Amino acid sequence: MPEPLSRRDFSRRATLAGLGVGIGHVTADDVLPAIDQVGRLAAAEFPGQREGVYLNHAASSPLPHRTSEALRAHLADRERLFHLYQTGTQDYSIPKLQAKVARLFNVPAELIGFVPSTTEAMAGALNGIDWKPGDNVVVPANEFPGVLYPCLHLERRGVTVKQVPVEQHADLDRVLAAVDGRTRAVALSWVHWLTGHRLDIARLGAECRKRGVLSIVDAIQGVGGVPIDVAAAQVDLFVAGSYKWLMGIPGTAAIYTSPQLLAGIVPDRAGHAGMKTSVYDAPRIEWQPGASRFHVGGPINAALIALEHSVDLLTEVGVPRIASHVAGLLDGLASKAEKAGLRLNTDLSPAHRSTFVNVTTGDAARDDRVVKALVAQRIIVGRRGPGIRVAPHLHNSAGDIDRLLEGVRAQT
Ligand SMILES: Cc1ncc(COP(=O)(O)O)c(C=O)c1O
C-alpha cells in the first residue's frame with residue numbers, strides 16, 4: 001500500500017506530475033494527511049491485491065471492492081426483476097453519471113455521454129464528419145489500431161489519410177505541420193498504448209481550434225491516472241473506455257463532445273436513445289442537444305454502474321494525488337532499473353510522462369521469458385511493443401516495484 005511521503009518528496013513528485021504544488025498554493029501540510037488516507041482506502045478497496053502484484057492497468061483494472069459489491073447487487077436485482085419494476089429503476093440513471101464524469105473532466109454535464117467502447121466513439125466521430133473527396137485526416141503512423149482503422153475506413157469516401165511518420169514517439173510538431181487547408185480532423189491518443197508517452201493535447205486542441213480542424217482524442221490510457229481539464233484543452237472529442245485507469249468493466253466509454261463537434265458533425269447512427277423524442281412519440285429525427293445524441297440503443301447498465309462506483313473512488317482519492325503517488329513509484333522503478341538489467345523505453349520528462357512505462361532487458365526473447373516468469377509468480381505486467389509495460393495505480397506500493405525488480409533480476 002502507498003507509504004506516506006516526506007514533504008520534500010511530495011513536492012518533487014507533485015511537480016513532476018505537473019501539479020504545480022508549492023508555496024502559497026497547496027502545501028505538503030495540506031496534502032500529506034490525505035496521502036495516508038489513500039493508503040487506507042487502497043487497503044479497503046483492493047483486499048485481493050495482497051495475493052500478488054498487479055501492475056497492468058494499461059490492459060485492464062482489478063475492480064475496487066465497492067464496485068464489485070455494486071455489480072453483485074445489480075445482478076441479484078436482475079435475477080428477480082420484481083424489485084426493479086417496483087422501484088422503477090430497471091434502467092440506469094445516466095444524468096447522475098454524466099454529472100460525476102463531468103466533474104472528473106471539468107466540463108458541463110450535457111457534453112458527456114456513454115458509448116460501448118473507446119473505438120466506437122473514435123469511429124463514430126470520424127464517420128460523422130461530412131467529408132468531401134480530397135479532404136484529409138491527420139494521424140500519427142504508430143497509433144493504436146482503434147484510432148488508425150477508423151481513419152483508413154474513410155478512404156472509401158475519398159479521404160486522404162495522412163499518416164505522420166514516427167521515430168521513437170509521436171511528435172506533435174510534426175503532426176501539426178501535416179495539417180493543411182484540406183484537413184478536417186486530427187485523430188490521436190493522449191497517451192500511447194505501448195510506451196505511456198503523453199502528448200500535449202491542450203496544444204493540439206488550441207492549434208486545431210485556430211485552424212477550424214476537429215481534434216479527436218483517444219484518452220483511455222490517461223483518464224483516471226493523469227489529471228486533465230478537458231474544457232481548457234479545447235479538444236473536440238475526448239473518450240475514455242472504463243476498464244483501464246477508470247477501474248470499471250468493459251462495456252462503456254465516457255465521451256466528451258465539444259459544442260464545435262456537436263455543431264459540425266451528424267451522428268453516423270440513429271436509434272431511440274439519441275433522440276429528444278420518446279419511443280411513444282410520432283417518429284421524427286430530433287437529436288438530443290448534447291453528447292447523448294451519440295447514444296443509439298439501451299444503456300449497458302452493468303458497465304455504467306461499475307463506472308459510477310469507480311469514479312466515486314477516483315474522485316475521493318483525487319486524480320492529482322493518484323498521479324503524484326504513481327510518479328513516485330515510476331521514479332523508484334527508473335532509479336533501480338539499471339541494477340536489475342532494465343532500460344527504459346519511455347520518456348519520463350514532465351511534459352511526456354503518464355502513469356506507466358515500458359522497460360526492456362534489451363532482448364525481445366528475454367523480455368518474453370521475464371514476463372512469463374513474473375506472471376507465474378503473480379506479478380502481473382504486460383509484454384508490449386518494445387518491452388515490458390509496467391502500469392501501477394493507486395493501490396500499488398514501492399514494495400510492489402521492489403518485488404517486480406527482484407523477479408526481473410532473477411531472470412536476467
Ligand atoms: C490507446 C487505446 N485505445 C483504445 C483501446 C481499446 O479501447 P476499447 O476497447 O474501449 O475500444 C486500447 C486498449 O488497449 C488502447 O490502448
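Student: Which residues surround the ligand, and how many of them are charged?
Tutor: Around the ligand sit Ser 117, Thr 118, Thr 119, Phe 144, Gly 146, Ser 189, Trp 193, Asp 218, Ile 220, Gln 221, Gly 241 and Ala 253, each with its C-beta atom, placed from the backbone, within 6 Å. Ala, Val, Leu, Ile, Met, Phe, Trp, Tyr, Cys and Pro count as nonpolar, Asp, Glu, Lys and Arg as charged, and the others, Gly among them, as polar. This shell has 4 nonpolar and 7 polar residues, and the charged count is 1.

Student: What kind of model is this?
Tutor: Residues are numbered from 1 along each chain as its sequence is written. Local features need pLDDT of at least 70, side-chain atom pairs need 80 or more, and totals for chains, interfaces and linings use all residues, as the model is predicted.

Student: Which strands stand at the edges of the open sheet?
Tutor: Its 7 strands run in the order β2-β8-β7-β6-β5-β3-β4, with mixed pairing. Strands here are DSSP runs of E, at least two residues, numbered from the N terminus, and two of them pair if DSSP finds at least two bridges between them. An edge strand has a single partner, so one side is left without a neighbour in the sheet: that's β2 and β4.

Student: How many bridges join β3 to β4?
Tutor: These two strands run parallel. Asn 136 stands opposite Thr 160 in β4. The number of bridges joining β3 to β4 is 5.

Note on methods
Helix = DSSP H or I, 4+ residues; strand = E, 2+ residues; numbered from the N terminus.
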